[in-house]
Amino acid sequence: MTILSRFAPLASALVTSFALVGCSSTVAMTPAANVPFAHGEVDPSFEDNGNGTITVRVAHLGDPAKLASGATTYVVWIQPDKDDAPLQNVGALKVDDDFEGELTITTTFRQFAISVTPESAADVTKPEGTPVLTASVSD
């Protein structure tokens, strides 16, 4: 499976959702077809100084190993809406016993795609798993 085909759901979500936000609007994440029960939202907050705080909240996400062989964690990725900008691993999303999790990051990017993937380690530099939740954020 090529990297492009693994991110086809992300591209589809970006084209179909066009979830544009203002300075503090919550954006619903789109679940992949294999996890229709999953729920996610992105809560961006942008400051005048150029920094943004992004909180990703998920619910109904179970054991990542059930979605990808060898997966032990979920990783949150952003891809800035700039030419040739690579995907960036912005952190591991810990899911608790109630199948909920939250990750807050700081970024200077104001327009980006965001996704959650099951991964074998928190420090992977390229996604190995297929995105389970996706969204597009724009200030």
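Me: Which residues have the most contacts inside the largest nonpolar core?

Reply: Keep in mind that this is a predicted model. The largest nonpolar core has 25 residues. Inside that core, the ones with the most contacts are Met-29, Val-42, Leu-61, Ile-114, Val-116 and Leu-133.

Me: Let's zoom in on Leu-133: what does it touch, leaving out residues up to four places away in sequence?

Reply: Leu-133 is among the core residues with the most contacts. Some of its partners are on that list too, including Met-29, Leu-61, Ile-114 and Val-116. The whole set for Leu-133 is Met-29, Thr-30, Pro-31, Ala-38, His-39, Gly-40, Val-58, Leu-61, Ile-114, Ser-115 and Val-116.

Me: On to charges: how many salt bridges does a search of the whole structure find?

Reply: Arg-57 pairs with Glu-41 at 3.6 Å, N to O. Arg-57 also meets Asp-43 at 3.8 Å, and Glu-102 at 3.3 Å. The search of the whole structure gives a total of 3.

Me: Which strands hold Asp-43 and Arg-57, and how far apart in sequence are the two?

Reply: The side chains of Arg-57 and Asp-43 meet in a salt bridge. Arg-57 lies in strand β4 and Asp-43 in strand β3, so the pair ties together parts of the chain separated by 14 residues.

Me: Is Glu-102 buried, partly exposed or exposed?

Reply: Glu-102 sits in strand β7 and bridges to Arg-57 in strand β4, 45 residues apart. The cut-offs are under 20% for buried and over 50% for exposed. Glu-102 has 49% relative accessibility, so it counts as partly exposed.

Me: What about Arg-57, buried or exposed, or in between?

Reply: Arg-57 comes out at 28% relative accessibility. Buried would need a value under 20%, and exposed one over 50%. Therefore Arg-57 counts as partly exposed.

Me: Which residues do salt bridges with shared partners join into one network?

Reply: Arg-57 bridges to Glu-41, to Asp-43 and to Glu-102. The network therefore follows from salt bridges within 4 Å that share partners. Its members are Glu-41, Asp-43, Arg-57 and Glu-102.

Terms used. Residues numbered from 1 in each chain as written. Predicted model: local features only at pLDDT ≥ 70, side-chain atom pairs only at ≥ 80, totals over all residues. Heavy atoms only, no water. Core = buried A, V, L, I, M, F, W, Y, C linked by side-chain atoms within 4.5 Å. Buried < 20%, exposed > 50% of the residue type's maximum accessible area, 1.4 Å probe, protein only. Contact = heavy atoms within 4.5 Å. Helix = DSSP H or I, 4+ residues; strand = E, 2+ residues; numbered from the N terminus.
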